[in-house]
Amino acid sequence: MLNSHNMRLGASGLSTVLFIGFAWLASCSSDNENWAVDARQPAALHDAMQGVTDVIVHDIFSPPQAARIYSYASLAAYESARHADSSLLTLSGQLNDLPELPRPDPGADYSFDLAAAAATLAVGRELTFSADLLDELDAALRGRFEEVKLPAEVYDRSVAFGNEVAAAVLAYAKTDNYLQSRTFPKYSVSDAPGRWRPTPPDYMDGVEPHWGKMRPFALDSASQCRPLPPPPFDMTPGSRFYTDVMEVYEVLKENTEERRAIAAFWDCNPYVSHHQGHVMFATKKISPGGHWMGIAKLVTEREKLSTEASAEAYVRVAISLYDGFVSCWDEKYRSNLIRPETVINEHIDPEWLPLLQTPPFPEYTSGHSVISRAAAASLTDLFGAGYAYVDSVELRYGLPSRAYESFYDASEEAAKSRLYGGIHYSPAIVEGVKQGDAVAKIVRAKLRTRTTPIKEAISSN
């Protein structure tokens, strides 16, 4: 079942497990004169972010919750790593209510790569449940920096700084209304025509009905990018709504092998329930936001970007995802539109099943359409409009790679996948893409991470 209970947020309880194997450093100094160069280890941050993804998948966080974890982990990584590049700017004073964050001691030596990895895992540990799953990653990171032979005082100072930034970010997270929303009432099911109701096979409660009350990072409010309302529920043949329903019904009959592959690739349902007789089991998958964070990882690794440039990409994508979910969920529980599966089973064909399992929340707008467009815009800002790449993110989950001509190309396919999967009507997809564009425009205008143009700085990295 999707997690909806409290997450551990106590900054004073930050885990100290990370890098505990570095005790050897306390009693020796480095004999590596090039440690500052050798300590440039972007892979440490990428591994830490992948570790956070793995725990998110294991703990089955809902898509909005996963985006929240990515945002705070990425913020801590960026604010730890940015000090390696004087052209990078703090997000304090830019993100809503974000106060001034800790700064390194002037003139002191640091490994900001180490600090960023430490901060990422510290936040990840506090916002997830199965923090022990990161122990193996701790050992791998320990080995990486053992080879560098950091001076003891640099190691201690770097980890302490990363943990200090993480603590400040976690304190900021406490004020986003998440903890308060855990006590808000559950979604109230209504039999009114056209209103969303829980769907098979598990008839789960509506996920995060109050997510629109969360504090966004860049948007002024959850309703700032409110889309047009959906067509009114009307099953009269020839009505707009009836036409949209029949489109979903007919599309599944006409689905080609390629369309089925697209639907499967972008499914990104963190909890797919399977029922075989009296046996029930679940398949855990990456979340929609996790897929786009994986794309950010893939591209920054491909371009061999520094830790600070990679952290910049992560935080810009994560904030776009998070604000996209806040905006989308605000609309989902306002319009509260019924899913195709419910309508088709009741009015057209009681035996009909969607290709993908229907997610447990209202239909309009399409979350994939909103957040994929917002994330694609952020990546396009960083890497350019014609950036072609091969998306291999889903290989870990048993799906083949797919090639795209641009990030927008991928976002368009992600949006269409929801129609091919039988879980969204066309208006939710079309208006969702527009909503994602609106969110991206605000994030782009609000956030300034560099004193130099972003694409110019990335290309010269």
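**Figure 1. Tyr72 is a buried residue in this predicted model.** Its relative accessibility is 0%.

**Figure 2. Tyr72 pairs with Phe217.** A search of the whole structure finds 24 aromatic pairs, and this is one of them. A pair of aromatic rings is described by the distance of the centres and the angle of the planes. For Tyr72 and Phe217, the centres are 5.4 Å apart and the planes make an angle of 65°. The pair is edge-to-face. Tyr72 sits in helix 3 (residues 63–81). Phe217 sits in the loop between helix 7 (178–181) and helix 8 (240–254). The two residues are 145 residues apart, so the pair links distant parts of the chain. Phe217 has 1% relative accessibility and therefore counts as buried.

**Figure 3. Trp329 and Phe361 form a tilted pair.** Their ring centres are 4.6 Å apart. Their planes meet at 55°, so the pair is tilted. Trp329 belongs to helix 11 (residues 307–335). Phe361 belongs to the loop between helix 12 (340–347) and helix 13 (367–383). The pair therefore ties together parts that are 32 residues apart in sequence. Trp329 is buried, at 2% relative accessible area. Phe361 is buried too, at 9% relative accessibility.

**Figure 4. Ring pairs build a cluster.** Its members are Phe265, Trp266, Trp292, Phe383, Tyr387, Tyr389, Tyr404 and Phe407.

**Figure 5. Arg68 and Arg182 lie over the ring of Tyr178.** The charged end of Arg68 is 4.2 Å from the ring centre. Arg182 lies over the face of Tyr178, 3.9 Å from the ring centre.

Conventions. Residues are numbered from 1 along each chain as its sequence is written. This is a predicted model: local features need pLDDT of at least 70, side-chain atom pairs count only at pLDDT 80 or more; totals for chains, interfaces and linings use all residues. Side-chain values use heavy atoms; hydrogens and water are left out. Rings of Phe, Tyr and Trp (its six-membered ring) pair if their centres lie within 6.5 Å; planes under 30 degrees apart count as stacked, over 60 as edge-to-face and the rest as tilted. Helices (H or I, at least four residues) and strands (E, at least two) are DSSP runs, numbered from the N terminus. Buried means under 20% relative accessible area, exposed over 50%, partly exposed in between (1.4 Å probe, protein chains only). A charge sits over a ring if NZ of Lys or CZ of Arg is within 6 Å of the ring centre and within 35 degrees of the ring normal.
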